[in-house]
Amino acid sequence: MLTRLYRQHHPHATFGAANYVTLVRALLTLALLWIATQQPGSRLAWTAGWIAGAVAALDGVDGWLARRSGTVSVFGARFDMETDAAFLLILSALAFRYGKAGGWVLLIGLMRYLFVAAGWLFPWLTGPLSPTLRARTVAVVQMVTLAVILVLPPLLASIAAGVALVLLVWSFAIDVGRLWRQRSSPA
């Protein structure tokens, strides 16, 4: 079943370099999850910050590789998106655990999952959304901000996370508006 699903959404003969880069990002994200289970300390915060920086930097590499090699696929795009979502959730949990921001910082990591859950209640939210520069930029800002705040003093970290959350809510609101208009327009 899984093989059939993979083949259906990944029409290429091999897994591809881009997907391997995403897999490395996913494994590094698991390392961050392990760090989140450890007793907070400045050395682990710096380690998490460096790992998070590497994951964020590699986020631009996988898509570039897929486009350059002609191996873009629905599977690869989804693998990348879900890896990004898990990464942001773990980073926001680390920011909270390390006292860099209040519990509200978890909203940054939960936003994608709340959006998916809202789609169960409002099916029009599951409509197709074409990628935009705005959405990609906001995603990068979330990643970099959450990585950097791990090593910032709490007040500065909290302000940066607050700005990042406002930016994320704004971006999601635009996408919800786009989906609402698609729903309302005649097909």
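These legends accompany close-up views of a predicted model.

View 1. The protein has 7 helices and 0 strands. Along the sequence the pattern reads α-α-α-α-α-α-α. The protein has 187 residues, and 36% of them count as buried. Take the contacts with a separation of 6 or more: residues 24 or more positions apart account for 79% of them.

**View 2. Helix α3 spans residues 42-69.** Helix α3 has 28 residues. From first C-alpha to last, α3 reaches 40 Å, close to the 40 Å expected at 1.5 Å a residue. Its buried residues are A45, A48, G49, I51, A52, V55, A56, D59, D62 and A66. What do these buried residues of α3 pack against? They pack against α2 (17-36), α4 and α6. Just after α3 comes G70, with a positive phi of about 70°. For helices in general, one rule is handy here. An α-helix has 3.6 residues a turn, so residues three or four places apart point the same way.

**View 3. Helices α4 and α5 pack against each other.** Two packed helices are described by the angle between their axes and the distance between the axes. Here, α4 covers residues 74-97 and α5 covers residues 106-121. Their axes come within 7 Å. They cross at roughly 155°. Angles over 145 degrees count as roughly antiparallel, so α4 and α5 are roughly antiparallel to each other. The crossing of α4 past α5 is left-handed. On the α4 side, the contact is made by R78, M81, E82, A85, A86, L88, L89, S92, A93 and F96. On the α5 side, the contact residues are L106, G109, L110, R112 and Y113. Sorted by class, this contact has 10 nonpolar, 2 polar and 3 charged residues.

**View 4. D84 sits in helix α4.** Is D84 buried or exposed? Its relative accessible area is 12%. Buried means under 20%, so D84 is buried. Which residues does D84 contact, leaving aside neighbours within four places in sequence? They are R25, D59 and M143.

**View 5. Helix α6 spans residues 133-149.** Helix α6 has 17 residues. Its first and last C-alpha lie 24 Å apart, close to the 24 Å expected at 1.5 Å a residue.

Key
Residues numbered from 1 in each chain as written. Predicted model: local features only at pLDDT ≥ 70, side-chain atom pairs only at ≥ 80, totals over all residues. Heavy atoms only, no water. Axes fitted to C-alpha atoms, helices over the stretch in contact; angles between N-to-C directions. Helix = DSSP H or I, 4+ residues; strand = E, 2+ residues; numbered from the N terminus. Parallel < 35°, antiparallel > 145°, perpendicular 65-115°, else oblique. Left-handed = near helix turned anticlockwise from the far one by under 90°. Contact = heavy atoms within 4.5 Å. Nonpolar A, V, L, I, M, F, W, Y, C, P; charged D, E, K, R; others polar. Buried < 20%, exposed > 50% of the residue type's maximum accessible area, 1.4 Å probe, protein only. Expected span 1.5 Å × (residues − 1).
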